Amino acid sequence: MLDPTSLYLSNPALLEDARVRGLPLIVALSGYAEAGHVADQLENAITDALPHEVVARFDLDQLYDYRARRPHVRFVEDHFEQFRNPELSLRLVTDPLGRSFALLTGPEPDLQWNRFVEAVVGLARRLDVSLVALVAGIPMPVPHTRPVLVSVHGSRADLLPTEHAWKPVVEMSSSAAQLLEIRLTEAGIDNIGFTVHVPQYLAEAHLPHAAVAALEHVSAVTSLTLPSDELREAAREIERQIDHQVGASPEVQAVVAGLEQRYDDVVDASAPRSLLVGDESELPDADEIGAAVEAFLAAQEDDQD
């Protein structure tokens, strides 16, 4: 493996600054599943509201597939401008109460996962981080009309909630963040992950209430004050739009009603289990989910137009 430290350009003075020692690290990488755009919204909410400095910036020419995920550019009358270069960086952020934390955000690498993960683990060691909190969104058979569910996982049992007894064994496609969680545990670095359950039929939409759920969980485990007011306000408007669009489609209403019944059966059960476990007839099939997605996105495009 090539030297992992050559994947990023760091700010040496800041890396040696006592302010960055022993802090919690929040990791939110976009690209995997992309459900609800949780990672992007979390990054924007924090960096737009709180002061921050770049500690290290990764060289995405080594990590990013520009042809698979083409950046946007703007055409103005007779020329192109504003090429939106993706950025994957580690920042030092300060919350409203003066407490600092590290924040790693940007697109999930397409290439060199092992080298990237080694680089992040090396930075975590160098900064002596107290805890790594990883955030992601994943599409699940849940309704938008119920409280957001969040799966919690990590390196230490005492960091995890104990109210749910269901402990599955599942084979699934992986992400760079999941590999990072494994390598952090192997390195003896405490970590906890929050996977937000996003309704399948809204997975491509920006769902502020999913990002709020992620911020709340990260705040609880790190004792940081993280900005969520604007997301909460946006969530109320988005929920109003979704309710209006769902109300206009009996087919989508039927899908949502089925998901509500399944959610209530599982969450209210005395012995909680996975929303993915049970009689397959209880879960809307691919055609129903597809119809719901198409109906929602079509209505959303009409509203934007």
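Mentor: What follows is a set of questions and answers about the structure shown above.

Mentor: This is a predicted model, in which local features need pLDDT of at least 70, side-chain atom pairs count only at pLDDT 80 or more, and totals for chains, interfaces and linings use all residues. Residues are numbered from 1 along each chain as its sequence is written, and side-chain values use heavy atoms, with hydrogens and water left out.

Trainee: How many helices and strands does the protein chain have?

Mentor: The protein chain has eight helices and 10 strands. Helices (H or I, at least four residues) and strands (E, at least two) are DSSP runs, numbered from the N terminus.

Trainee: Which strands make up the open sheet, and in what order?

Mentor: The open sheet has eight strands in the order 1-3-6-7-2-8-10-9, and the pairing is mixed. Strand 1 (8-10) and strand 9 are called edge strands because each pairs on one side only; two strands pair if DSSP finds at least two bridges between them. From one strand to the next, the twist averages 25 degrees.

Trainee: How do you know that strand 6 and strand 7 pair?

Mentor: Pairing is settled by the bridge count: six bridges join strand 6 (residues 89-94) to strand 7 (residues 100-107), and the two run antiparallel. Leu90 has Leu104 in strand 7 as its bridge partner, and Thr94 has Ser100. The two strands form a hairpin with five residues between them, and Gly98 in the turn has a positive phi of about 85 degrees.

Trainee: What joins strand 2 to strand 7?

Mentor: Six bridges join strand 2 to strand 7, and here the strands run parallel. Strands of a sheet pair through backbone hydrogen bonds, either parallel or antiparallel.

Trainee: Why is strand 7 called largely enclosed?

Mentor: Eight of the eight residues of strand 7 are buried, so the rest of the structure largely encloses strand 7. Buried means under 20% relative accessible area, exposed over 50%, and partly exposed in between (1.4 Å probe, protein chains only). Of the 305 residues in the protein chain, 43% are buried.

Trainee: Which residues of helix 4 are buried, and what covers them?

Mentor: In helix 4 (residues 176-186), the buried residues are Ala176, Ala177, Leu179, Leu180, Glu181 and Leu184. Their cover includes strand 2 (24-30), helix 3 (113-127), strand 8 (131-140), strand 9 (150-154) and strand 10 (191-199). Cover is judged by contact, that is, heavy atoms within 4.5 Å. After helix 4 comes Gly188, whose phi is positive, near 75 degrees.

Trainee: What makes Arg57 and Glu87 a salt bridge?

Mentor: A salt bridge is a side-chain nitrogen of Lys or Arg within 4 Å of a carboxyl oxygen of Asp or Glu. The closest N and O atoms of Arg57 and Glu87 are 3.2 Å apart, so the pair counts as a salt bridge. Arg57 lies in strand 3 and Glu87 in the loop between strand 5 (79-81) and strand 6, so the pair ties together parts that are 30 residues apart in sequence.

Trainee: What does the salt bridge between Arg146 and Glu260 tie together?

Mentor: The closest N and O atoms of Arg146 and Glu260 are 3.6 Å apart. Arg146 lies in the loop between strand 8 and strand 9, and Glu260 in helix 7 (residues 250-267), so the pair ties together parts that are 114 residues apart in sequence. Arg146 is partly exposed because its relative accessibility is 25%, whereas Glu260 is buried at 19%. A search of the whole structure finds 17 salt bridges.

Notes: Axes are lines fitted to C-alpha atoms, for helices over the stretch in contact, and angles run from 0 to 180 degrees between N-to-C directions.
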